[in-house]
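These are my notebook entries on a few local features that I looked up.

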Amino acid sequence: MKEKQHEQHVGNISRYFRQTMRIMRLSLFFMVVSTAIAFSATTYSQSTKLSVNLRDATVREVIEAIEEQSEFLFLYQEGQVDLNRRVTIHAEEKQLQEILDEVFKGTDNIYIVSDRQVVIGKAPRKALEAQLSVLQKDLKTVIQQPQQKEITGNVTDSSGEPLPGATVMVKGTTIGTITDADGNFILRIPANAQTLQVSFVGMKTVELPIGNQTNFNVVLEEDTELLDEVVVIAYGSQKKVTVTGSVSNVSGTEILKSPTASLGNALAGKLPGVSTIQYSGLPGADDPMILVRGVASLSTGGSAPLVMVDGVERSFTQIDPNEVADITILKDASATAVFGVRGANGVILVTTKRGKAGKPQISATASFGVQTPTMFLDYVNSYEYALAYNQAQRGDGMAENELRFSEEAIQHFKDGDLPLLYPDMDWIDYIMKPMAPQTQQNVNVSGGNDRAKYFISVGALQQEGLFRTFATDPDEKFSYNRYNYRANLDLNIDQINSLSVNIGGRVEDKTSLPRGEQSIFEDILFASPMSGAGIVDGKRIVSNTVYVGTDMDNDPMRFYGSGHQNTVNNVVNLDLIYSAKLNMITQGLNFKIKGSYNSTYAHTKKWENYQAYPTYKPYMLEDGTIVFETSGDKWKPEFSEVTDVWRDWYAETSLDYARKFGDHDVTALLLYNQSKYYYPWPYPEIPRGYVGLVGRITYNYLSRYLFDFNVGYNGSENFAPNKRYGLFPAASIGWIVTEEGWMKNQNVFSYLKLRYSYGIVGNDYMGGRRFLYLPPEYTLHEGIYVGYGGGQHGYNFGTSNTVFVRGATEDTSGNPDVTWETSTKQNIGIDLRTFGDRLNMNLDFFKENRKNILINNDAFITAPSALVPSPINYGKVENKGLEVVLNWTDKVGDFTYTIAPNFSFSRNKVIEMAEIRQKYDYLYRTGHPVNQPFGYEFFAFYQKGKTEDAYKEKYGADMPTQLGQANLGDGDCIYVDLNGDGVITAEDQHAIGFPDYPEITFSLTGTMSYKNFDLTMLWNGATNVGRGLYRPYNPPFGQLHDQGLVRWVYENSWTPETAETATLPRLTIANEINNTPLSSVWMKDASYLRLRNLEIGYTINKVPFLASTSSMRIYANGTNLLTFSAFKGNDPENVGGGWQNTIRYPQMKVYNIGFRINF
Amino acid sequence: MKMKNNILKTAIAVLFGTFLLASCVDDFKVGDAFLEKAPGVAVNADSIFSRAEYARAYLWEAYNKLYTPHNSNLEYYTMGDCPVDALSDCIQSRLGWGDMKELWYPGNYNASWSSGWDRSRMDFTKIWAPIRNCWNFIENVERVPDMSADEKSRLQAEAKILIATFYYSLFRHVGGLPIIDHAYLPTEEYNAPRASVEETVDFMVKLLDEAAATPSLPFSIPKAEVGQWAGRLTKGSALGFKAKVLLYAASPLFNDNEPYSREEPQDAVDSLQVWYGGYKPELWQRCLEACEDFFSQNASNGNPFQLIQPNGNTEADYMAAFRQAYWTRGNSEKIIEVHTRTYADEWGDTQPIGVMHQGAYCPTVEFMEMFPMADGKNFTGMSVYNTDNPNNVDIFENRDPRMYETLLTPKKGRRWQNYAQIEVWQGGNIEDAMGWYYGPMMGNGIGPYKWCLDFWNLGVDPVQFSILRMGEMHLIYAEALAETGNLTKACEEVDKVRARVGLGKIAVMNPTLNLTTNKANLINEILRERAIELGFEENRFLDMCRRKLTDKFTTPLHGIKIYRKDGGGKLQEGEPYPTAFKYETYVYTDGARAWWKPGFFTPKWYLQALPIPEINKGYGLTQNPGW
């Protein structure tokens, strides 16, 4: 506790308490208890004997010496005491008063000793006494008055833990007391006392009507809004009030409200400036793409943020959410500069929970949920399909007798009378169950004393997939089980040394089909409804094209009987942290060393059946019986296994310093770290390494003017030795306006802070490539046996060699000059609280200029030189935007509510990229956002005669020759001839729509609690986001014209009847070339609004039938419960864009119920 | 002091403990030393040229990229898997996904399709990497310590021939090209704009001359080495290929009094990048000399290159000889062959076999008509089309044996897979035999046979394509002779090729054509002979372009339906082969070509467009006329 009080050399007495609220409840407890003792018998100053022998020392040094050996605490007013005056004191075993008399002899300073507090001031003595009374009032100590009534009570925190040192007062009076070590209090109050006010540092103050009640059990809740809230920052933590960078965080409690398996998805909408895009919902592989403040490099891959768990680079998405205390996002240069080379895209810091001193607290949770797709593709049935296909062929001018589907087939599709010969399958419904269960359990224990604290947690998650298991192999499915464990231990070895150990890990058990998610979904989504009859009596029935039409027999059941694979992934993370207080060197200096080791071991066992079950093709004999032609055979599955290992370690050592000198508050940090990753692609034999040196200085004056300076000095293996190191400085300033004297008299703002940061951060990442500086590299390829198909390398000389001679290729081209990509970031922020602290608002404006972006120089290489592209520093991107966070919290009687909207906007623009000269300005990608889609400008759906005139009228030129002019028919897309050459070519494409990451995200959190009920909901949306539609929407029947037809396409395609309302071109095969390319027709707005989370809970504080429990909570929650989107064809995030980005496992909606018991 | 000691002890213990985890397996380093490890095992240019084995491997990689229209490692087989001859009058593609039906037949091809999408015939960007590979080899092989000087010069000569073949494969589709005569360094300024046709041709010829003048380059692969080394380029390859290059150069497309196209832009015309600037008879003379040089050197080396000759004089013997000539590896027929696969496989290969199922190689009636009768008279059976065929002419009887090897037509006694008699007519057993691919492959009534055979008898014969073989060599010689006035000798050269399959002398059997005196007729006959000798070997479209055969592009093509006159379908047990057929020909409506519409086809189609992005890079690439 001596420790803590050193920071109290603050002159301004009125600010005394705020400064002491160091949130360490434990130290506070001791302090307050000792204060209480002081009032019962003020003997400390008389009983304490001090020895001070100082020659020519300053008054300050004398005070420090006294504080050093006693519990005395000096308080003085700024400017009233000359601390630099030199005195000589020789005192052995003297009382305080004797020493002080000598020190202040001959000055106009006087002092008052009140137990351990020593107040120094100037005469007259009255003024000083007045100050003391203010101090005592602040302390909320007892000034006894005549009483008529005695009340008793007990104060605990929300977990049932007694709160010693809480202040209990009668509102509007100076009558009060503080609670004892067990949280109990006794107080005599006037009979007419109305309201009892109970407060404690870091807790929300509670007011209770007194009435006739004489015993009060008061539960105080934590007040996270208080000024003393601490936020996690790079390599440490900082008081939120003094933070000058742009940082936002979400607590573990909030994260638990989203019943998602991947933590990444639980972040959606909870953090301003963070956008998540979930492309797949596959169990165990549903991590979203996460972007902090959008995209600022030339690719979305190059814009991925750095993720750290407990200060070490680790993946966080599969950690049990019950283990997480806090997730913090660092956004601007000031916050991320210390990460140097890695910090350019923002940093996600995940902190796990740690033990608190107190009796063991056990928390057990279990929940059960049901997952069901949010929204997925819907396909037309066989009858509609056949009609639509024939209609398309008729439109192409095909004769009736050449149409793909016969009249007879169409009738059977309609009647459904011969389902084996004329199937009508809704494959998604057939193969996927409407819902699948998901369960989660966790037990954790935490507690400790002042020597040792612990947090131990064990959790499990079981997530079933939606696949039906048709085969006899019950494991032929997708499922995911995860078992998480963690033990975080903190040991105070003695006053100086402490040690922490974190052991965290998980075992993931993933079952999947060997053919993989993408290929299975392609099969399902591209199959036509008549392509097979599924599994009938254990037989895989395929279609006979004689009945269902040419080529219409590609059923999606290839996975049936193809086996399964099981991957067990074992992840272990270990941290060992030693720290020491180096007060003997100088006050406030700490030393820390940390070592971390991470290992991942994945074992995959695969049972793959290349030739699964035989297929049965139906024929109808003349007598009407159906016989089957069998082809193929059932083989035994082949077993194979593979293990993958990765490991990495991280070490850091640091010195940090924090001290107050009068009104000057200084901290400093110097840290060295290095990390090494083993078996990284593409040189598994050469570990990847990083080294970094980190420096930080923060300074504030009177907690009013804040200044931070951060610097990272980093080295990366990707650059040549002379280009290897980069220095990344950032500075920020802050001004807490409400601390100014002239702001004291206003009551609009209870808190107002302005901040600005400027700095440079770097990036060395380039698509996973390593050693970018190395000279051209060649590969020698082994001579291989090649059956058929082309040998990729080498050559097959001779007449009957089955082996190719070896070949060698030039693969890479290095650039010795390549170096950091740098990003200059600026951030202006305003934090304020107003309306009596009910409205909290944060506003951030940012601007980022990325330059020297690491790209390949492809665009500069002339084809005939055939140079292998090499990495260069080229390209500039500007990204700017703003974030607004509002929080309104109020209480009406027992009803507490919070409404917290937030809004983020970020827009990037390519200022310079490697782009070849274009003939027309609108063809340049430069000047547009990264990944801007380009396509044709749609004019109208063609109507012979009319469109030509309309075009001429609008553009004053003849309608241009279209891409598919030869087969142009009514309902085809007509594009605008941008360059006016009369022909639609690639040079008529321009920027259309938005990229597939959103520019704007917004959310609204609402929480309400009434007595024991509480409700939380989170609405989250995104806009200025687009998707260019290709497969499976476009071309409508697929590339080979035998694939399923999406109902949304079917319903919106042009027909003569819907010519006025159609939004998509006619269904055609002959003129696909005209209608398929990306144009404003296929560019869709993928904006959405989701009810991301909803949780309703009920908490019972003392469970009557379970004496040992302190509280129990039951709740129901859900994720993605409602989705609204302009795009109606599918879930707006799962739309799929481009040829690579095909549709995958659907997004999940989860309904979940659970309970939590605290012991 | 005591405390300090404790700190030190604990610090050491923790440090030790932490790094024990890692350091028991890894070195422990701090600071820059920590990053120093770069890949120690990387192979760079120095290591490639430090051993003969590695240096050779580097050259073999260039062989790997040798031009072939079939399954290739350079992805030449673009156009969505369609053969380029599907633009000629020999093949009409029915391939569902192929670019013929989507892009080319409807006339949708334009300059924007010339890159990015593999939809044009020759992607301009593809040949340069193997050319760089060759130059890199030529420039560095001297450094190899464990290789004889002879081998070095031989391999350099092979590399030069390779460069010439890469150049030719693009030159014929677009005209003049940038001259790349060394391997560029990453730091070097690029300075090779598009060269003229003359410069490009001279560059190829120079490379071939240099190769041919290399003493260590053998004239042919010695018999004893063929098993191991067939496919290596030789002096014979260089001499023969020179003639092939000069034939294209001397052809009217480039060598005429008028440029082939007067459409805008004319930059390439003005800079002589798409023609010679006038008719130069000496070009034919050069081609002739190249042929004579080849044949005389061949003779002085003991004629290692010879036409494969039949073992007897039956139709089966002729067919077998012809198959060996186009297919089998390492025999005397082959001057330059491509070995990118070990054997042909029905389902493993895309081109040509895999897409033959799908209708990429449907032969036209026009192609079928080019095959003469077995005696060497030209085919005249067109008169019975769409008639009742009163004289019961079987137009597929007694034809050039090469037709039966190239096309799947009705033929008595023709086996097909396990059918002793395959019935190629409407309702015949061909439909059962082929199953689902009857529709796409036989949709025109007759099907392809060369390369795919009946899909079952492919054996393990490994070669799939020859860039130059003796059959073509004689026909090049014939054309050069005809153009330089020696019509009689030209006929003799043509007859050598015909004799292999038992056909009579061309001038004798077709007296009305006056082939020994009428040069135009003779050129036409040589082109027809080339079309059938080199059918499905990527020849016809190029001949149509270099000879500017506009009418062949604009005349609608025909399919045929063959019916048994007695109305029957499959032959019943014991039923004899039918003797009377009716032939119904029809103009293709499915995949009708825009070129057949009046005014649509212009000579710009003879050369393809160059990619817009490359032109926009501004290094001196011009666009071809009309694009």
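**Entry 1: cysteines.** I looked up B:Cys287 and found that it is buried, with a relative accessible area of 0%. The model I am reading is a predicted one. I then asked which cysteine sulfur is closest to that of B:Cys287. It is the sulfur of B:Cys291, at 4.5 Å, which is too far for a bond. I noted for myself that a disulfide is a covalent bond between the sulfur atoms of two cysteines. The cut-off applied here is 2.5 Å between the two sulfur atoms.

Next I asked how many disulfides the structure holds over all chains. The count is zero. I also checked B:Cys82, which is in no disulfide; its nearest cysteine sulfur belongs to B:Cys362 and is 10 Å away. B:Cys82 counts as buried because its relative accessibility is 0%, and the limit for that word is under 20%.

**Entry 2: a surface patch.** I looked for nonpolar side chains on the surface of chain A. I recorded a nonpolar patch of about 450 Å², made by A:Leu655, A:Leu670, A:Leu693, A:Tyr713 and A:Leu727. I followed up one of these residues, A:Leu727. Is A:Leu727 buried or exposed? It is exposed, as its relative accessible area is 54%. In chain A, A:Leu727 belongs to strand E37, which covers residues 725-736.

**Entry 3: the backbone.** Before this step I wrote down a general point: most residues other than glycine have a negative phi, and most peptide bonds are trans. I then listed exceptions.

In chain A, the peptide bond from A:Arg1031 to A:Pro1032 is cis, with omega near -5°. Where is A:Pro1032 found? It sits in the loop between strand E53 (1026-1028) and helix H17 (1047-1052). A:His1041 also lies in the loop between E53 and H17. Its phi is positive, about 60°, although A:His1041 is not a glycine. A:His1041 is buried, with a relative accessible area of 10%.

B:Pro265 is placed in the loop between helix H9 (235-250) and helix H10 (267-270). I also noted B:Lys548, a residue other than glycine with a positive phi near 55°. B:Lys548 occurs in the loop between helix H22 (540-546) and helix H23 (550-554) of chain B.

Technical notes
Residues are numbered from 1 along each chain as its sequence is written. Chains are lettered from A and ligands numbered from 1 in the order in which they are written. This is a predicted model: local features need pLDDT of at least 70, side-chain atom pairs count only at pLDDT 80 or more; totals for chains, interfaces and linings use all residues. Side-chain values use heavy atoms; hydrogens and water are left out. Buried means under 20% relative accessible area, exposed over 50%, partly exposed in between (1.4 Å probe, protein chains only). Patches are made of residues with over 30% relative accessible area and no salt bridge: like charges are joined within 9 Å, nonpolar side chains (Val, Leu, Ile, Met, Phe, Trp, Tyr) within 5 Å. Accessible areas come from the Shrake-Rupley method with a 1.4 Å probe; for residues, only the protein chains shown count as cover. A salt bridge is a side-chain nitrogen of Lys or Arg within 4 Å of a carboxyl oxygen of Asp or Glu. Helices (H or I, at least four residues) and strands (E, at least two) are DSSP runs, numbered from the N terminus.
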